[in-house]
Amino acid sequence: MNARLNAEINTNISNPTGLWRWFGSTWLVALLVALPVLSVFYLALFPKENIWSHLAETVLPVYVITTLELMIGVGALAVATGVVTAWLVTMCRFPGKKYFEWALMLPFAVPAYVIAYVYTDLLEYAGPVQTALREFFGWQTARDYWFPEIRSLAGAILMLAFVLYPYVYLLVRASFLEQSNSLRDASRLLGCSPLQSFLRISLPIARPAVAVGLALVSMETINDFGTVDFFAVKSMSAGIYDTWLNMGNLGGSAQIASLMMFFVVTLILLERLARARQKQFNSSDRFKAIDTYKLTGWKAAFAWTVCALPILLGFLIPVFILGGYAIQHLDQLEQEDFLTYAGNSFFLSATAALITILIALLLAYSKRLYRYKSLTAAANFASLGYAMPGAVLAIGVIIPLAAFDNVVDDFMRSTFDISTGLLLSGTTFAIIFAYSVRFLAVSTGAVESSLNKITPTMDMASRSLGLNPLQTLMRVHLPLIKGGIVSAGLVVFVDCMKELPATLILRPFNYDTLATFVYQFASDEMLEECSLAALLIVAVGIIPVILLTRTITSTREES
Amino acid sequence: MKKILSAVALSALFAAPVAQAADEVNIYSFRQAFLIKPLLEAFTEETGIKANVVFSKKGLLERIEHEGKNSPADVLLTSDIGPLYDAVEKGLLQPIESDLLNDNIPAKYRSTDGQWYGLTSRSRIIYASKDRVKEGEITSYEDLADPKWKGRICTRSGKHTYNLSLIGSMVAEHGEAEAQQWLAAVKDNLARRPQGNDRAQVKAVKQGECDLALGNSYYFGKMITNDKKPEQIEWAQSVNLIFPNQDNRGAHMNISGAGVTKYAPHKDAAIKLIEFLSSEKAQQMYAEVNFEFPVREGTPRSELINKYMGEFKEDGINLQRVAELRSTAAKMVDKVGFDN
């Protein structure tokens, strides 16, 4: 139905030049964004030696199993936490709910590697927790008692889930907010309990949101290096870096990275295929207030605890500990140029967020205008960067940029006898390019899903009133999806603030962001020396996080 | 599209690359900026040459490689022989001739053709519990394989470059098969899965998790002087330092070093920087601040180092050979499942 309507709009109104303009620019941008990934594929063609026989004989099973355990563990925990808390703060009323709505996003501002360092300090043998236990029970050495090892697979799963569940929470909450009362009312009238109604109605409708959230969480997990390396967990990314740095086989590691990428992409496509026939538009009563369940007594206490726990673990404890260290290092405020580092972080992240939004709009809108399979392919293709480890992607960024610079330089030298040197390599452009490639998937997903919720009849009305596609986008769609766009931009912004490997490798001389400043100490396990900068990352990240929850909630008032 | 373009133009404006002025030198560094900052400040003060730094532990070689003849990098600074060797293999460095460097740095700590120069050395030593390990109970790396140490040894990941160098030196000494047997036996003696950095291993000895730990020598100086974290002084006080293999080949050594890149735009300044880093003044700073051993003959080690470490015999093996064997060592770590 929808496809036919679209086809009609476009065959009747569009002209071929318009088609080619949208089609051409979409593919051009998609190709540009895909260049780093293509460069990694290219690298994969030239391994120093075949790495697979060695891997298969030795550690490949360990890598594969560990990676799967990590993905499943983090995914399950993040989805459970995200969905349950989202449902509680959206569909129920209990004391503190208003605060939980935004506070549940706070852990998103904490980088995974920082939380890993904090909890190791807290829970290891010499940390305050075990020391207190020893004093209390009179134990002498580590051999006198059992305590869970934080540097383990389970530890890594917890750390990653603590800071990644907000992806699921954010998306699922938005989906709950958009759901119609009438469906739920009907299910209740037909005898469903609130729980049954949640399982049979709310959750299935929110499935696309859960899937997208889970995909983001999985890709972040599979590409994490900081946490797994620190915890000595042998996941695939350990194999990638080992092959590259210790065996001097960048080509071999590009093969592992590419293979991992295909694995993730296949999973995502399978999920999409499974719900290909579902389609939802905004319900007509979405501007009505949601009917919420009022919780009292132990139920309210339970809901409160369930919502408070992730905030405590993912935000309050790390911030409290970092704060304790930071107070002892306040002299850094004078010695170090934090204002510049924060300014750099902000500039890079804000620019990258803006660019990814513009690209996402272009990709999603031209896909809407002309429902060609190839345009969908272009959009998907451009999003591949998210499924690749940051450092490998950084090499993929270096190659095309340096090639471009050198070609321009050669040309200018031979023609005008001027050397232009490196125009893009080693500049902030390279970092912003890397961020855009890496996080485009985040914004494309969000922009696309907001656009999809606008019924095609809107387009038809606008176009029949004489607006061209671009005018329709600016005057009809943009105002309608403003909320979705802002939240996509904010998510990308916070992600960029935390990004580390690409920033390290690509940055200009004497250029530090908050994240790179943290890293140079943290990589030497000197958490205290970088606690102040780590807190600043969190602080700068909190502002957009709070804005984010505001924009979502404001789409619908609740009763 | 217009918006994208103007945003790109805007960002390019902010991102003007470092101007190629004559009185500066550009460093791609594998060492943390805060470690080399005092040295570079002293260099600038002495020569008036400004030093620009990019620090990353990976990806810098690839950056030099692809930037090619337009690369702004003049000097590659590393904390290990590994990347220097890789850079030579990829043809990223150029040989330089400097009598001063040849005088300052002993031949075993520089490449024969002047492509790289060691600036500091460090030994990979055994930290043994004062309480639980008797003097003379362990004297060599080979001893680590003795079953009497079962469940008593701690180390960081076998894949860490410091351990790979040590394993490489075992391969060079004993051949691949024997070295692999040794590594498997050491694996069987581990008290816990390899994790944490070198400092964390000494801490584990202090806490009774294990009795022996492998670690680089300078960590001892960093711990025993750590007034900000006094608990580290306690860790350091709980161990004896054992320089292995004093009766035969000597303790395993590694270097931090530097080389001039092939297309260095400021070659003279680059040579000046490396010469400065090998000078009496800089070598002393390395020794005092970071507790590394100066490579320069005649520069005294820090008093503290002398007090605790004294003189010891260094393994004379060719460092290039050790670096070459890293890949073999990395595979060996996989084969015996050292990190699993």
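The contact between the two chains takes 51 residues from chain A and 52 residues from chain B. The model is predicted.

**The A–B contact**

Five helices of chain A give two or more residues each to the side that touches chain B. They are tabulated here with their residue ranges.

| Helix of chain A | Residues |
|---|---|
| H13 | 236-246 |
| H17 | 338-369 |
| H19 | 390-416 |
| H20 | 428-452 |
| H23 | 501-506 |

Which of them gives the largest share of this side? H19(A) does, with 9 residues. By class, the side of chain A that touches chain B holds 26 nonpolar residues, 16 polar residues and 9 charged residues.

**Confidence in chain A**

The mean pLDDT of chain A is 83. A score of at least 70 is reached by 92% of its residues. Among the elements of chain A, helix H4 (residues 60-91) has the highest mean pLDDT, 92. The lowest mean, 48, belongs to helix H1 (residues 2-13) of chain A.

**Chain B as a whole**

Chain B contains 15 helices and 10 strands. The C-alpha trace of chain B spans about 65 × 50 × 40 Å along its principal axes.

How much of chain B is buried? Buried residues account for 53% of its 340 residues. Sequence separation gives another view of the fold. Take the contacts in chain B between residues at least 6 apart in sequence: 78% of them join residues at least 24 apart.

**The two domains of chain B**

The domain assignment of chain B lists domain 1 as 18-121 + 254-300. Domain 2 of chain B is given as 122-252 + 314-335. Taken over C-alpha atoms, the centres of the two domains are 28 Å apart. Their contact takes 14 residues from domain 1 of chain B and 15 residues from domain 2 of chain B.

Three elements of chain B each supply at least two residues of the domain 1 side: helix H4 (81-89), strand E5 (117-129) and strand E9 (253-261). H4(B) provides the largest share of that side, 3 residues. By class, the side of domain 1 of chain B that touches domain 2 of chain B has 5 nonpolar, 6 polar and 3 charged residues.

Methods:
Residues are numbered from 1 along each chain as its sequence is written. Chains are lettered from A and ligands numbered from 1 in the order in which they are written. This is a predicted model: local features need pLDDT of at least 70, side-chain atom pairs count only at pLDDT 80 or more; totals for chains, interfaces and linings use all residues. Two residues are in contact if their C-beta atoms, placed from the backbone, lie within 7 Å. Helices (H or I, at least four residues) and strands (E, at least two) are DSSP runs, numbered from the N terminus. Ala, Val, Leu, Ile, Met, Phe, Trp, Tyr, Cys and Pro count as nonpolar, Asp, Glu, Lys and Arg as charged, and the others, Gly among them, as polar. pLDDT is the predictor's confidence in each residue, from 0 to 100. A residue is buried if 20 or more other C-beta atoms lie within 10 Å of its own, exposed if 12 or fewer, and partly exposed in between; C-beta atoms are placed from the backbone. Domain bounds come from an automatic or database domain assignment.
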